[in-house]
Amino acid sequence: MIKLKGTGFPKNETILIYFGEDKISSYFLADRNDFEINFLVPIVPGGYKFIDIKNGALTTLARADFYVEPQTIYLSPSQGRVGDLVRAIGSGFPANSSVVINFGGKSLTATPDSNGSFQTRFTVPPLEPGRYGVEVTGPVRVLSVFEILRPTLTLSASQVRIGEKITIEITGARPFSPVGIFLDEQEIRPVAGSLLVGPDGSLKTELLIPALYPRDYSLKVFKGTNSEVGQTITILPESPG
């Protein structure tokens, strides 16, 4: 609620009070040249606005500047992987209104407090890596951007010999995604574990190193997709004797 005061206006006349282009109130100055009223800030985009006092002929008698806090949405963090927890912090929204946060087909509702601010949390939905809009809708519409990162890939060893086993672990992937594992161009099948990402976005499986020429190889998972991740693995020569 904003209190507006004025003085020095013609007595016994009706004044009209405008916020930008919108008339928000009128006031009859009965045997007085001053006034005091309270009003709610209209739902308008943020920035500098004019409050005009006009007479019945719509002549502007006085003008005051007023700054409307922009509606903003801040994401912390602004990037992460599928399943990560993100905090959404909003400000400048109409007090005690209702806003809906939309991200990747998922939505949740938040209620700004008496200061027009809110905080809520959500998990990153199961989408391909990339940049996505996070939209807040309600009395006003605000957009922010969140970047979904590629999954993480962890190897139990980076140097191995033919016939040895290594464990690979993936986290932050899309749940139930099929997984392909390659050493350069050769696809490797696991000796244990699944080739399907679990419901929590993780996968742990074991590989048997095939008979390949000793050198560095590129081990890649989700090869050829937006989720592709990889590390270098070295196949060592056979031990002497």
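Predicted model: local features only at pLDDT ≥ 70, side-chain atom pairs only at ≥ 80, totals over all residues.
Three strands, in the order β7-β9-β12, make up an open sheet in which the pairing is antiparallel. The edges of this sheet are formed by β7 (72-76) and β12, each of which pairs on one side only, and the twist from one strand to the next averages 25 degrees. Between β7 and strand β9 (residues 85-91), the antiparallel pairing extends over five bridges, and within this pairing T72 has S91 of β9 as its bridge partner.

The loop that connects β12 (118-123) to β13 (130-137) contains V124, a residue that counts as buried because its relative accessibility is 3%, below the 20% limit that defines the buried class. Although V124 and L85 are separated by 39 residues in sequence, their C-alpha atoms are 6.5 Å apart in space. When neighbours within four places in sequence are left aside, the contacts of V124 comprise R81, V82, G83, D84, V86, F146 and I148. One of these contact residues, F146, is also a member of an aromatic cluster, together with F103, F122 and Y132.

Among charged side chains, the count of salt bridges comes to 10. One of them joins D34 to R32, with the closest N and O atoms 3.0 Å apart. Both partners fall in the intermediate accessibility class: D34 is partly exposed at 27% relative accessibility, and R32 is likewise partly exposed, with a relative accessible area of 36%.

A further salt bridge is formed between the side chains of R215 and D184, at an N to O distance of 3.1 Å. This pair links distant parts of the chain, given that R215 belongs to the loop between β21 (203-208) and β22 (216-221), whereas D184 belongs to the loop between β18 (181-183) and β19 (186-187), 31 residues apart. With a relative accessibility of 37%, R215 counts as partly exposed, and D184, with a relative accessible area of 23%, is partly exposed as well.

The side chains of E185 and K223 also meet in a salt bridge, with 2.8 Å from N to O. Because E185 lies in the loop between β18 and β19 and K223 in the loop between β22 and β23 (229-236), this pair ties together parts of the chain that are 38 residues apart in sequence. The two partners are assigned to separate accessibility classes, in that E185 counts as exposed at 65% relative accessibility, whereas K223 counts as partly exposed at 26%. Elsewhere, salt bridges link K3, K5 and E36 in a network.

Turning to aromatic side chains, the count of ring pairs comes to nine. In the pair formed by Y27 and F35, the ring centres are 5.9 Å apart and the planes stand at 45 degrees, so the arrangement is classed as tilted. Y27 is partly exposed, at 23% relative accessibility, whereas F35 counts as buried, at 4%. A tilted arrangement is also found for the aromatic pair of F103 and Y132, with 6.3 Å from centre to centre and 55 degrees between the planes. Here, too, distant parts of the chain are linked, with F103 in strand β10 (residues 99-103) and Y132 in strand β13, 29 residues apart. F103 is buried, at 4% relative accessibility, while Y132 is partly exposed, at 24%.

Contacts between charged groups and aromatic rings are also present in the model, including one in which K54 lies over the face of Y18, at 4.4 Å from the ring centre. In another, the charged end of R63 is placed over the ring of F50, at 3.9 Å from its centre.

Key: Residues numbered from 1 in each chain as written. Heavy atoms only, no water. Helix = DSSP H or I, 4+ residues; strand = E, 2+ residues; numbered from the N terminus. Buried < 20%, exposed > 50% of the residue type's maximum accessible area, 1.4 Å probe, protein only. Contact = heavy atoms within 4.5 Å. Salt bridge = Lys/Arg side-chain N within 4 Å of Asp/Glu carboxyl O. Phe/Tyr/Trp six-rings, centres within 6.5 Å; stacked < 30°, edge-to-face > 60°. Lys NZ or Arg CZ within 6 Å of the ring centre and 35° of its normal. Pairing = 2+ DSSP bridges. Axes fitted to C-alpha atoms, helices over the stretch in contact; angles between N-to-C directions.
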